[in-house]
Every structure is written in C-alpha cells, then in structure tokens.
Amino acid sequence: MTAPFAPARLLFGGDYNPEQWPRDVWDEDMALMRRAGVNTVTIGVFSWAALEPREGEFEPGWLDDVVALLDTHEIGFFLATPTASPPPWFTKAHPDALPVRPDGTRLWHGSRDTYAISAPAYREAARRVARFLAERYGSHPRLRGWHVHNEYGTVDHGPHAAAAFRRWLQARYGSLAALNDAWYTAFWSQRYEDWDEIVPPRATQYLHNPAQVVDFKRFCSAEMLDAYTEQRDEIRATGSAAPVTTNFMLPTWNHLDQWDWSDHLDLVSVDHYLDTPGPDGEAHVAYGADLTRSWGDGPWLLMEQSAAGIRDGRRQAFKDPDRMIRNSLGYVARGSQGALFFQWRASAGGSETWHSAMVPHSGPESRTYEGVVELGTLLDRLQEVAVPPAEGPVVAADVAVLWDAAGWWSLETPHLPNDDLDYATEARATHRALWRAGVAVDFVRSGADVGRYRVLFVPTLMALDDATVAWLTRYVEDGGHLVVGRFTGVADEHERVVPGGYPGRLRDLLGVRVTEHLPLAPGETQELSDGSVAGQWTERMEAPDAKVVAHYTEGPLAGSPAVTRRAVGDGAAVYVSAGLVQESWDAFVAAVLAERGVRAVLPAAVGTGLEAVRRRGAEATYLFLLHHGERPLRVAGAGHDLVSDGPAEDGIVIAPGGYAVVREAPGATWSVTPA
C-alpha cells in the first residue's frame, strides 16, 4: 500500500460504457452527468473487442474520443484493463486458454470471465493490452487511477491450472513427503509418488480431500494475484503514476485472500450489492464498508453499487432513491472516498439488460435519476470529508473481528458435523450484533497489532495455524478480551484434527475440553441458563480450567457448560459452544461490550433506528446520522450540519429515511429525542 488515497473531492459516478451507444447519446450523457454532478467514471471495463478487434491490432480511436469528451467536460476517469472478458477471436486463436469446470467441461465465449488464469496465451494478451493502454493514456491529467481487470474470481481446473498448481505446491511444501503428511493421504490410498499425479480437485466419485481443496483455493488466489501484478507492473513500466486497484467483490462467494491482495494495491476498492430488500440491508452496507476499510487499513473506494435494484432470490426488488442515498452515505461514513455505481446508463440489451443504472431505461425523467442528482449535490457539500487524518484511523474502533479467507474455504468443504455452518454467515452475525449495538468495528488479519482493541471476536474458524494460536494467546495474556465461537480451532491449517478433545488448538487458552459436537436439527432449539436460545449447534463440554458463565438447561446436555470464561492475568478468553440465535447473540455481545466499557458512537441513538458513524478527517470529525427508523428524531449537539448548512446546537430534526452529516465541535456531546 502507498499513501492513503486522498482525492481532492469525494468521487461520484460509475461505470460508463459509451461503446454500447451511438455518438449522439454521448453528448446527452455529458449533459446529464454535469447536471448530476458526476466527476468520475470508469471506462473500458468490458471493451476488449472494441479496443483490440483482432489479435495485436488496436483501434483506440473511439476511446480517444471518449477521453477527449470527458476532458472537455472536466470529468475524471478510472481506466480499466478489459481482461475480464476476452473477445471471440481469443477463443478461436487460443482454445486451450478457456476455463475448464471440475467436471471437465470447457467453457466458451458468449459470457464474461471466459479465461484460464494460468494459460500463457491469456497472460500474454492481458499484459499486452495493459501495456498499450498505459502507454497511450497513462499520463493523462484526468486519469484518477487504473482499474485492473474486474472482479477476479474465475476458477479453472484445466491442464494449465494443473501445471501451475503443482508448481505452487512444490514451492509450498518442498517435498512430496511433506505434502503427503499435510494432506493426510494415507486415508483412502491417496499417497502421491510423483508431482505429476496431482491434479486440481476435479469431479470425483465421492468426497474430495479437504486439505487439497483448501490448498487449491489458496493457489487460485495466489495465481490470480500474480496475473494482477503482471498487469500492474506493465502499467508501472510505462511511467504511469496513477494509483492501481482492482475491485474486490462481496457476494456469497469468495476466491481471494483479501489481506494478501491488499498489500499489492495502491487503493482497495470493492463492488458491494445488497442481498436483501429488508432492513438488514443497512447492516450489510456497514459490514461491506468495515471489511473493505479494514483490508485497506484506511480510506478506500466503493467502485460499484446498485442505483435502484436489490437482487432478492428470483426477483429484482426496487431500491428507493432515499435508500440509495443513505446507503451511499453509509459507505462514505466508513471511509469510502466516494460513491460509484454500475452503471451510468442502463443497457438496452445484452446479458445485464435489467441491471439498474443511474440513468434507467425510462431516462432522466425518473425518480432514480432525480435521486442521483440529489446525491451528487449532497456529496459536493461533503468535500472536506475526503481529506484523511494526518495520522490514526479514519474510523476509530475499540472492537475487532478476525477475518480469514482460508477460514471461509475450510467451512466450504462438505461432510462437516453440520454443513449449514457458513463462515460468511457467522462473520456477518457477529458484525450485525455489533452494528445493532452502535459501536465502530474493525476487521483484522491474524498477526495484526490488536493491542488497542478491548474485545476481539473470532467467529467460527475451524482451522488455525501455530502463528494464529500464539497471536491469540498473546492478546489475552496482554490483557485482551477474546470471544471465540463454536467449532473454532479443532484442526490445523491443513484441516487435520487435533486429537484429545476439541477445540484442540485452543484447549489450553480457553480452559475447556469438548468431547462431542451435537448439531441441532433445523428448527430445533436449546435454552441456556441465562435465557439465551441456541439453534443449529451445541457441544458437550467440560470446563476443567474455566468458569461456567451459562449452561444448557434441557435435553441430554442439561447442566453441562455452554459458555465459559477463563481469566488470564488482566485478560480473558470466552468460549461460546452454542450457536446462539441472532437476538440472543445480540444480547450476549451487548453484555460483553458493557463489561469492557465499549460505548456506542451515539449511545442515545441505539434502538431508535438512527445509525451513527464517526469519520475522522484532517481538521475535524464528522458524525454521520442515517435514520432507518419510523419516527422523526431530534439530534442536538455542538457542530455544523453540512447537509442543511446550519448549526446543530438547537437540534436537527431527522425524518425517517433522512440523514445529516455534522462537523463536530471539539468535545461535543449529543442528545437524541423524539421530534
């Protein structure tokens, strides 16, 4: 990472695809962008066929015209390398560079992401187009940054991937003896005698080796990172100094180790789409924003969001403009240096015809576009927010959650005691409880400096390596308060179970010994002695060196420990063996925070529907107030509301769906009352 990304103003705009439209539409686009206050677009994301219509023959005239038009209208741009969508000529010339599914099916063009990441022909073509773009546009004064590729995540199981996977394994393990030991290949006669015997986890008769599966996912992340850095290096070799990024994606799948990737990005950016039209969508905004800020260790950029759509199963729910504005402010509150969308103008045809856009099919005479104009005006009033503090975090948090990509992958291996265990669900449940408590949250990687956090949560993390165990132990010994979720630390980093009782890797630190995992049937619950309710998961546990905080009250586990705490000097390690339902988990987390003296950003707002986030800037702190509730509220304190351009001392009335952004006076205190 380089210095914090600090544009002169909050960036506003989105993906712009003029190659889909005739030239007369371009002029209308410019007028509408100016009206909306758009200052940044992303161009070229899926334009490979237009840019390089034949292998090695570039026709950039249209892109020259687009860049010139943006320049005339004083609109900056991120220039994307179009390598996520190779054109048909690439398929014809290099059929071996197409991806292969686990069942051996080779995919063809006709969609996007049809490439084999390890294929030499693909990597060379990607470097070539990146180099061409950088040589031609790399010093343009309107260039805000480089958007390399798009949403890396295409997994290939073909022969190129197999060869690259073997090379990666040789570098990781050094010898077949070490690999056989790590993969526990004595089981089912899987011992390897030659590196060439190893293939990706392709379709097979029954269950894959879990260590092989997780290692393949580690390899895929590393291989994609190599492909990214090759393009980045081509750009840098031309002398272009603009920051380089690629857009992470936060759906229900994950193919990247974001911590490793962030070390190679000048700017961490993300595409984030709500996955529910219900009120939990606002918690999802906070989750995505906190994660991305944490990966980047500072200011970041929302590269894509949806202007008016929320995918809800098989339907596309409509997102009202006021929610779009509140969501955008939620990202900015948590460190984003702007609000960008996919895309500017809704496509008239193609595979994403019905993806929402800033200018919908109905045109500018629409609620969506008018909401875009309102957001552009609002972000223009908030320009000072973009200047980051000279030192310290952009959002100060006393609480952290461990995030581990391999932990996600481990729980994706089938045939666990309960296959309903899901890493993203567990991480979001913990973050949701903290969000409802109104506190600021960071995510951290294993080995990070966590001494400043009063509480560190470890959601279900099945596999732990030696370094992580030592790191968690030091945190507690140094006075930290550790909360560990169920089914954590039962195996090492190679998915090998530690014998002698669960959680084998953390038995000594937690002071407990679990002898049985007892998953609950769907809909089945168990009550705990503190009134909590458990679903999905319970455990039979002994607590030889820990205090029992709560026990099970019914069934075969009645009287057995459910939640324990072990004091270690000034620190403590808590183990929650039960899968507490969200409401019980909320209450448990709130009690831990109260015990540790962790206060909400705005205590009076908790439970009112008013979300409060404090963002630190160069000259002041900014209190973002986003009202998701149902009754008007009056918020009063010393400061100046940038939205209404008025003082806050006499109170700001925030209607349901409304918002305020207050530049706080030093030492300001705040009240929240019904309006």
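This short talk describes helix packing, aromatic pairs and some backbone features in one predicted model.

Good morning. The model is predicted, with local features needing pLDDT of at least 70, side-chain atom pairs counting only at pLDDT 80 or more, and totals for chains, interfaces and linings using all residues. Residues are numbered from 1 along each chain as its sequence is written, and side-chain values use heavy atoms, with hydrogens and water left out.

Let me begin with the helices. Helices (H or I, at least four residues) and strands (E, at least two) are DSSP runs, numbered from the N terminus. Axes are lines fitted to C-alpha atoms, for helices over the stretch in contact, and angles run from 0 to 180 degrees between N-to-C directions.

Helix α5, residues 120-137, packs against helix α8, residues 210-237, at an angle of about 30°, and their axes are 8 Å apart. The two are therefore roughly parallel; angles under 35 degrees count as roughly parallel, over 145 as roughly antiparallel, 65 to 115 as roughly perpendicular and the rest as oblique. On the α5 side, the contact (heavy atoms within 4.5 Å) includes R123, A126 and R127, and on the α8 side it includes E223, D226 and A227. By class, this contact has five nonpolar, one polar and seven charged residues. Here Ala, Val, Leu, Ile, Met, Phe, Trp, Tyr, Cys and Pro count as nonpolar, Asp, Glu, Lys and Arg as charged, and the others, Gly among them, as polar.

Helix α8 has another partner. Helix α6, residues 159-173, packs with α8 at an angle of about 100°, with the axes 10 Å apart. That makes α6 roughly perpendicular to α8. Among the residues in contact are F165 and W168 of α6 and F216 and F219 of α8. Nine nonpolar, one polar and four charged residues make up the contact of α6 with α8.

I now turn to the aromatic rings. A pair of aromatic rings is described by the distance of the centres and the angle of the planes. Rings of Phe, Tyr and Trp (its six-membered ring) pair if their centres lie within 6.5 Å; planes under 30 degrees apart count as stacked, over 60 as edge-to-face and the rest as tilted. How many aromatic pairs does a search of the whole structure find? The search finds 30. One of them joins Y152 and W261, a tilted pair at 5.3 Å centre to centre with 55° between the planes. Y152 lies in the loop between β4 (143-147) and α6, while W261 lies in helix α9 (residues 258-262), 109 residues apart. Both Y152 and W261 are buried, where buried means under 20% relative accessible area, exposed over 50%, and partly exposed in between (1.4 Å probe, protein chains only).

The rings of F165 and F219 have centres 5.3 Å apart and planes at 45°, so this pair is tilted. F165 belongs to helix α6 and F219 to helix α8, 54 residues apart, and both are buried.

Finally, the backbone. Is H149 buried or exposed? H149 is buried, with a relative accessible area of 0%. Its phi is near 60°, a positive value in a residue other than glycine. E151 also has a positive phi, about 50°, although it is not a glycine. H149 lies in the loop between β4 and α6, and E151 lies in the loop between β4 and α6. Elsewhere, the peptide bond from F342 to Q343 is cis, with omega near -5°, and a cis peptide bond joins Y502 and P503, with omega about -15°.

Thank you for your attention.
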